[in-house]
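Visitor: I would like to learn how to read a model of this kind. Please take one feature at a time.

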Amino acid sequence: MSALLKRRFVDQIKVMFGAEPSKPKEISPAAQQIHFYKKGNRDLIAENLHARAHAGHSNKWRNRRWATLIFANLLFTLSFFLDIQILEGALTASRFVGFHLIDLNSALQVMLAHKHIINNLLIGTGTVLVLWVLLGGRTFCSWVCPYHLLAEWAEKIHLYLAKKKLVTDQTMDRRLRTVFWAIFALLALATGYTVYEAISPTGILSRALIYGPGLALLWVLALLFFEVFFSRRAWCRYACPIGLTYGVVGIVSPVRIIYKLDACFHEGDCRKVCLVPHVLDTVIKGRAVEKEVPIGPDCTRCGLCVDTCPTGSLSFEVKGLSKLA
Amino acid sequence: MSDLDHDRSTDDALDVAPAEPTPRPSTPAGKPAVSIAKRQTNRRRVLRTILLTGGVLGAALSGFLPLVYAQKKRLRPPGALDEKDFLGSCIKCGQCVQVCPVSAIKLADLIDGVGVGTPYIDPRQQACDFSCDAVQCILACPTGSLTYHKPDFLPVRPGAALAAKPILIAKEKDAEPTLNLHERIGVARLTRPEACLAIQGKGFKGLTRGADFRGKLRYMSVDRWKPVKVSSHPYDVAECDLCVRECPVKGAISIETVFAPDGSKRKSPVIHEPCVGCGVCEMVCPVEPGCITVEAGEVWKI
């Protein structure tokens, strides 16, 4: 990795904790050259318009992701409903054909609150840790979390209403998520009770799907209402500590989205569909420090940008493996 | 060109404030001056951020309040740690719910006031009858909220410890007849002795709890492994002793001869030290409301 990419990597981690993405101070000569030739290049723009006009919108990754998300949650439900015992438990903690799987944030809350760790808790946490370190931390969010799917639909309604000028997106300070993470960790430590678990929409929804709906769903509805009418994707963007925990875990993960500068025409379509557009600051004209830039750890690997990009500048990559292919 | 220049977020657009007639106030510490419009936007954003913080924290703490002011204790599954430790360690996954053969364990909802998603037993509706033999819920628990052995740093409340591992009547002839429990989850108590059929010297004939009752119980005479509905099992006893008859734990309850205040001899159910608080006596009691109940988290007092 070049020194520039290393610096960029550190910036990406800061951005995950809530810093605003900044313009790079230094750009590699190769990338500088591409940036230079893109400036006011009429041919390039014509080519770009052509590419856009002919780009068929794909839903490949979205469909795969929705299928995975629904399948995972359905497997929980069916395991209990039909008593087939493949995936027992809920998203907070479960057993997959006997292997303990424990959600990292729930485990953390319990460890902080109870201040005692038994073997099963450690084993389950370890399994999940290895799984998500390999797959990319925030993959959990977009590929497994049931709230993500509902929020994705709520986001569509929000964007429709925003287009009709009936609502506006009220943005907030992204550092709030880091603050919440710390607050909930401290609350668990101080009160000896897993305070966050009472309002975790992931846990509430997962239990509702498996054990039947309850009044706790009202809180989830309130969150969705807030997201539709006030702030786009507010919970995932500004509040959810689960996302941050997995983001930290996924810092070194080999699965990621890679951005190729030379193909990009900077339409910005990717940033419009992205749940975490701050991770795509690299695609802004003149920002990329290298010809290829991996997208940072706050990325949920949802693939919406990959589907949307009309020029194929964004794609999934497995570090190391893509060079073999 | 404007078509292609979409990568500006709306916030960037606000950077470009309209030409201002008033001079910008100079800012300390060499920070670049900020336009009035931008400052307003920033202030509103800070206010919104504070609002969201308050909202989420308020909701989180409101989930905590019912526990602080908990009026009603709920019966936790067997092997549960003491209430506060239980709440701290329960990960709310419901694996205990999934393994229970009689579906005695339920998960608490928002208004139950015992912690959203934590498991509890409502013994009058469905008691824990140890049909699983091995206390499966304890085996299923991934965090040690339900446990055979408490960790060393958690003290045993006086009276919560059982003098001996309880002997399961259903397994009495097995090599290992005991339930590996060390602490009780509650103690049964005769709460309405005046209504008790045994004390009145009455018998009981018919279905206890009626034909619509959905609770299940393991009847060894029917099937060793499959609990059946209580409503499929009619009784005909000359003197009511249902609570003693169906108690799964050896020596936990018996019918004794006691003296009434007027000096006359009466029969009455008496609870003994081995009672673990499973609630079967509460479930099968034929009077309405039941005259014997399990007091959750209660300890043995002589």
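Visitor: Where is V249(A) found?

Guide: First, how to read the labels: this is a predicted model, in which local features need pLDDT of at least 70, side-chain atom pairs count only at pLDDT 80 or more, and totals for chains, interfaces and linings use all residues. Residues are numbered from 1 along each chain as its sequence is written, chains are lettered from A and ligands numbered from 1 in the order in which they are written, and side-chain values use heavy atoms, with hydrogens and water left out. Helices (H or I, at least four residues) and strands (E, at least two) are DSSP runs, numbered from the N terminus. V249(A) is found in helix α13 (residues 241-249) of chain A.

Visitor: Is V249(A) buried or exposed?

Guide: Buried means under 20% relative accessible area, exposed over 50%, and partly exposed in between (1.4 Å probe, protein chains only). V249(A) counts as buried because its relative accessibility is 13%.

Visitor: Which residues does V249(A) touch, not counting those up to four places away in sequence?

Guide: Contact means heavy atoms within 4.5 Å. On that rule V249(A) touches L104(A), L129(A), W132(A) and V133(A), with residues up to four places away in sequence not counted. V133(A) is 116 residues from V249(A) along the chain, yet their C-alpha atoms are separated by 5.8 Å.

Visitor: What is a salt bridge?

Guide: Side chains of opposite charge can pair when their charged atoms come close. The rule asks for a side-chain nitrogen of Lys or Arg within 4 Å of a carboxyl oxygen of Asp or Glu. Over all chains, the search finds 26 salt bridges. One of them joins the side chains of E288(B) and R124(B) at 3.1 Å, N to O. This pair links distant parts of chain B, 164 residues apart. E288(B) is exposed, at 56% relative accessible area, whereas R124(B) is buried, at 10%.

Visitor: How many salt bridges does the rule find across the interface of chain A and chain B?

Guide: Zero salt bridges are found there. The area buried between chain A and chain B is about 4,700 Å², with 65% of it from carbon and sulfur atoms; buried area is the accessible area (1.4 Å probe) that two parts lose on being put together, summed over both. In chain A, 59 residues are in contact with 50 residues of chain B. Helix α9 (residues 175-191) of chain A gives the largest share of the side that touches chain B, six residues.
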